[in-house]
Each structure stands twice: as C-alpha cells, then as structure tokens.
Amino acid sequence: MRRELEPGQAALVAEVDEVLDALGPDPDVHEAFAALGEARLIAVHYPAAYGGRDLSFAHHAAVSERIGLRGLPDVAHLITVQGVGCPILVFGTDAQRGRWLPEIASGRLLASLLLSERDAGSDLTRITTRARPDGDGWLISGRKTWSLLTPWSRVALCSVRTRRESSRYDGISLFLVDLADPGVDIAPTPRAAGEPYYTVTLNDVRVTRDALVGEEHKGWALLPTVIGFERGGFDYLTRAQSWLAAAGAELAALPAGEQEAQAADLVRCEFLVESARALAYHAAGTADGLETDEIDTAYAKLSSGLAAQALTRWATEELLSRPAAGEDGRHRAVLRAAAAEAPELTVSGGAQELQLDLIAGELMIGRSIR
Ligand SMILES: Cc1cc2nc3c(=O)[nH]c(=O)nc-3n(C[C@H](O)[C@H](O)[C@H](O)COP(=O)(O)OP(=O)(O)OC[C@H]3O[C@@H](n4cnc5c(N)ncnc54)[C@H](O)[C@@H]3O)c2cc1C
C-alpha cells in the first residue's frame, strides 16, 4: 500500500510539476532551481519573510521528494537549504538570516558543507581544522574532504576547532566561509559516479564575528540540525525510487517467462522502498519545527539506504547481467549509475553502523520508533 500525501503536500507537488513542466523537457538545472525559488517552493518551511511559506517540515519533505523524482540533483538543494540554511535560520543572527536565507530560498545560491576530514568522517569530534584568534576575528587552517558542488558554491558552513578542552564535544565552532577567499583551494577527487568530491584546503582564511553561526565553542550542539534532514532519507529515497522505476521498466522488456521468474524479487524491492518511504515521511512528520528526531531519522536513513542497495544488487545480478532488452538503453544507464553509487550509501551522511548504534542505544533504554 502506497502512502498517500496529505492534501497540502499533494498541492505543493502539483505546483512543483507545474513549474518544471513549464520549462520543457530536461531543463537547465540552475534555471529550474531559480524557477522553483521564484514560486517560493525551494524552502516552503522557511518563514515567508525569508522567501518561504511558513509551512512545516513535512510539507518541505513532499517538495523535496518531488524535486528528486523529477531528476533534479536534490543533493544541491539538500545541502544548501537544509545543511546550511536551517542552522542559519535556527541559530544565526538576524543579520545572517537576512543576508543568506532569501538568496538560498531564491534557488540562485548554492552553499556547501565543510565538515568531514580525512580522519574525521562519521566521528566529527576528530576534526583538526582549527581557527586561531586574529584581532576581531579568526584565521582558519586545515583540510576538508568529501565536499560536493564546492566550485559552484559561494559560501560554505565549516566546522573548526576553536579550543581543545577535556570533552571532545566542546571547542567546535561553525563558520560561514567565503569560498572565493584567496586562502581557499578547491581540488577535485574523482568519484565512481557523477560529480567529483572536492578536497578543500584552507590556508589562514580570515573570518570575522559575523561569520560565526551559533555560539563560539558550542558548535557540536548545532550539528543535528545541519545533518538532520540528510538523515531523513529523502535524498536516498528518491534515488531508490528512480532506480526501482528503471529496474521495473527493464524487467518489463524481458520475455514473459523471465519476467515471471523475477516478479517476486521486484515486489520485494518495491516493498523495501515503500517501507523506507513510510519511515522517511514518519521522520519528517515527527520533526519539532526544524529539528528532526535523531532516532526516527536513523531508521529512515538506514532503511532507505538499505533498500536502494538491495534493489541495486538484484538489478545488477539479474538484469544487467543479461543482454539489453529495452530499446534505448536509458534504463540500463540508470542502473549502471546506481551500481556505482550504491556503495556510497553505507557511509554518506553518517555511516549505517552509526545509525544502528543510535537505534540500539535507544532500544536499550526502552524506546523504539514512535
Ligand atoms: C556522496 C557523499 C557526499 C558527501 N558530502 C559531504 C559534504 O558535502 N560535506 C562533508 O563535509 N562531508 C560529506 N560527505 C562525508 C560523509 O558525510 C561522511 O562523513 C563520510 O562519508 C564518512 O566517511 P569516512 O571515510 O570518514 O568513513 P568513516 O565514518 O570513518 O567510516 C569508515 C568505516 O567504518 C564504519 N563505521 C563508521 N562508524 C562506525 C561505528 N560507529 N560502528 C561501526 N562501524 C562504523 C563505516 O561504515 C565505514 O565502513 C559525503 C560523503 C558521500 C559518500
């Protein structure tokens, strides 16, 4: 049984379709985001004063799912609107909100996240990038990894160590870094599929107090907001849905006998994806304002990642191993890209083991999914 959207969510989805349909087939990505921004659809959960519509996180989730299903690179949307915009909205100053949020909601500004480092992936307390005081500001030095879309971004939210205390959670601060600063070096790292990752080296990049988001040294408390929506699973979910559609189309082109032999596996994959979708919408629905629940999002991220990986494994073994059946190879290209991308889902946005740890920790003290 497919989870139906609520009327308000369905109306937003129809608006997204209307805006994108008006641009014709395969619109330019930047044009598409600008058109969605113009229609105030990029960040419907932001206040109207900043280009949103004062709607809930669950409404934003429905828009996000639709944008992903329409084939736009949802990751840019996800990182900019959620990863960078939401911490500014929740913890930033009025000046920072006024400066950045309307531009983000307009769909014309891309922003990046500079959190991960070579030895600090899932465990972000191990970062070594540091900021040392310099007059009325700081100088930031260090190297960040795994960043996406960095050359197209104007600004990045960067985690740095501003002091070292006995607790490893203390002494982390978040800064908005101007990526055009001469001290910023951006180098691509090839990736199995799609856009490369970027390694970003910061050489004494100067920032002033207006670049600090939240309290100095207390940045750890902001990180759930930064990565909360990514953990919500919609990014993975829309990939799983698109890959499932390609697998279904490829299967439909096989002779009837072969289709029958694979039908149960296709249904198993559909079941996994639809369950993940229910968990992702559940996590969006239990968000308190912009704060998602850590355990609900752990379930959502884990289930959407595992569903995407299971269906990719099946499609690789049972469909890609056969001679091409479809007419134009379009679906096989999607499935080949899925095969290259699926392994990343184990670690991106916080390792699957980390989600299991979170869930197991809660189960031990008696709380399961709400
Ligand atoms: C597509 C993609 C996009 C990304 N975009 C960005 C970005 O824009 N900005 C950014 O800052 N970062 C980004 N990242 C980084 C991402 O968020 C993770 O931090 C990173 O992938 C973790 O990788 P790592 O190599 O450090 O692995 P680690 O976290 O060190 O994990 C290494 C291994 O240990 C396992 N493991 C980890 N934790 C546990 C545990 N608690 N128990 C048991 N096993 C464990 C993992 O599964 C893995 O097999 C991106 C990553 C990917 C793949």
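**Salt bridges and the ligand shell**

Mentor: Arg191, Asp235, Arg239, Glu341 and Glu344 are linked in a network of salt bridges, a salt bridge being a side-chain nitrogen of Lys or Arg within 4 Å of a carboxyl oxygen of Asp or Glu. This is a predicted model, in which local features need pLDDT of at least 70 and side-chain atom pairs count only at pLDDT 80 or more, while totals for chains, interfaces and linings use all residues. Residues are numbered from 1 along each chain as its sequence is written, and side-chain values use heavy atoms, with hydrogens and water left out.

Trainee: How far apart are the closest N and O atoms of Glu341 and Arg191?

Mentor: They are 3.9 Å apart. Glu341 lies in helix H10 (residues 330-341) and Arg191 in the loop between strand E6 (184-189) and E7, so the pair ties together parts that are 150 residues apart in sequence. Helices (H or I, at least four residues) and strands (E, at least two) are DSSP runs, numbered from the N terminus.

Trainee: Are Glu341 and Arg191 buried or exposed?

Mentor: Both Glu341 and Arg191 are buried. Buried means under 20% relative accessible area, exposed over 50%, and partly exposed in between (1.4 Å probe, protein chains only).

Trainee: How many salt bridges does the count come to?

Mentor: The count comes to 26 salt bridges. One of them joins the side chains of Asp17 and Arg70, at 2.9 Å from N to O. Asp17 is in helix H1 (residues 7-21), and Arg70 is in the loop between helix H3 (57-69) and helix H4 (74-91), 53 residues apart. Asp17 is buried at 16% relative accessible area, whereas Arg70 is partly exposed at 31%.

Trainee: Changing topic, which residues are closest to the ligand?

Mentor: The closest are Leu115, Ser116, Ser122, Trp146 and Glu353, out of 19 residues that surround the ligand; a residue is near if one of its heavy atoms lies within 4 Å.

Trainee: What does the side chain of Glu353 contribute?

Mentor: An N or O atom in the Glu353 side chain is 2.5 Å from an oxygen atom of the ligand. In the side chain of Ser116, an N or O atom is 2.8 Å from a ligand nitrogen.

Trainee: Which classes of residue make up the shell?

Mentor: The shell has nine nonpolar, six polar and four charged residues. Ala, Val, Leu, Ile, Met, Phe, Trp, Tyr, Cys and Pro count as nonpolar, Asp, Glu, Lys and Arg as charged, and the others, Gly among them, as polar.

Note on methods. Polar contact = N/O pair within 3.5 Å; in protein donor to acceptor, adjacent residues only side chain to side chain.
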